[in-house]
Amino acid sequence: MTAAHITVEHLTMAYGDFVIQRDLNFTIGRGEVFIVMGGSGCGKSTLLKHLIGLQQPAKGEVFYDKQNFWSADAEQRLQVMRRIGVLYQSGALFSSLTLAENIALPLGEFTALTKAEIADMVSYKLALVGLAGFEDYYPAEISGGMQKRAGLARAMALDPEILFFDEPSAGLDPVSARLLDDLIISLRDTLGTTIVAVTHELASIFAIGTDSVFLDSDSKTMLATGNPKQLLAESEDPRIIQFLTRGQGRGGR
Ligand SMILES: Nc1ncnc2c1ncn2[C@@H]1O[C@H](COP(=O)(O)OP(=O)(O)OP(=O)(O)O)[C@@H](O)[C@H]1O
C-alpha cells in the first residue's frame, strides 16, 4: 500500500438539493493509476470536479496529503491546484495557437522561466509524449490521438504530482486509445505521477488501472474500491460483475 495522496472522507455531492452520490470514502495512493468508474450519469465527472477544486462538497472532506482541501483558505487551495494537471476529453487546446504556444501558456503564467528556458521545456514536454518536432503545428493539422497527447503535454507543463483525465480515450480509434494508455503508464513509471482517470472504456480500465472506485447511480453511493482486475475476479456484487463484463457475466464470452 502506497502512502495516501488524496483521501476522500464521507463525501456527499449534490447539485442544489439533488444528491448525486453520498458518503464516498476512499484513498488514492501515490503513484497509483486510480480509475473512477460506473455507468452513465452516476457522477464520475462530478467527482472529478470535487477533486480538482471546481465544485464544493455538500458534505465531507477531500485531503491532499494531510491538507484539508476545501477548508483551506483560497491561497492554500491554489497551492494545491498548482500541483495538479487536468486533461479534458477534448484535449482543450487553443486552436489559434501552435502546440508550442499552447504548452508555453501555463509556463509563462506560473513560472519565472525565460523565453529560451520555456522553449526548451516545451520541446522536452512534446518529446515526452512522442511529439518531438511538432512545435509549430496547429491542433487542426494533427490527428485526434496527437491532439490528446499534446493536451497531455500541456497538462504536464508545470510538472504536476497528480494528473487527472476525463475520458482520456473518448473519440479515439482502438489503436490510438491503446497508445494513449501506454503513454499514461510510461509517464507514471518514469515520473512517478499519480494518475486519476474517469473512464468507462473496459480495455483501458484493465490495461492501466491499479486501483479504482465504483460508483452506482441507483443506490447513489460507491459499491467497491480496489484493483479492477481483482474486482472482476472476486466481486460478489452483480452490478459490478455486469459492468466489468459488459453484461456478459463471468462465464460470458
Ligand atoms: N451542472 C449540473 N447541474 C445539475 N445537474 C448536473 C450538472 N452536471 C451534471 N448533472 C447531473 O449529475 C449527474 C451526474 O453527472 P456526471 O456528468 O457527473 O455523471 P458521469 O458519471 O460523469 O456521466 P457520463 O458517464 O455520462 O459522462 C447526472 O444526473 C447529471 O444529469
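## Exercises on a predicted model

Helix H1 (residues 44-52) lies across E1, E2 and E4, at about 120° to E1. Helices (H or I, at least four residues) and strands (E, at least two) are DSSP runs numbered from the N terminus. Axes are lines fitted to C-alpha atoms, for helices over the stretch in contact, with angles from 0 to 180 degrees between N-to-C directions.

This is a predicted model: local features need pLDDT of at least 70, side-chain atom pairs count only at pLDDT 80 or more, and totals for chains, interfaces and linings use all residues. Residues are numbered from 1 along each chain as its sequence is written.

**Exercise 1.** Find which strands stand at the edges of the open sheet.

*Solution.* 
- Write the order: E2-E1-E4-E5, four strands with antiparallel pairing. Pairing takes at least two DSSP bridges between two strands.
- Strands E2 (18-29) and E5 (67-68) each have a single partner strand, so one side of each lacks a neighbour in the sheet.

**Exercise 2.** Decide whether alanine 224 is buried or exposed.

*Solution.* 
- Locate alanine 224: strand E10 (residues 221-225).
- Apply the cut-offs: buried means 20 or more other C-beta atoms within 10 Å, exposed 12 or fewer, partly exposed in between, with C-beta atoms placed from the backbone.
- Alanine 224 has 20, so alanine 224 is buried.
- List contacts (C-beta atoms, placed from the backbone, within 7 Å). Beyond four places in sequence, alanine 224 touches Phe214, Leu231, Ser235, Asp237 and Ile240.

Notes:
Two residues are in contact if their C-beta atoms, placed from the backbone, lie within 7 Å.
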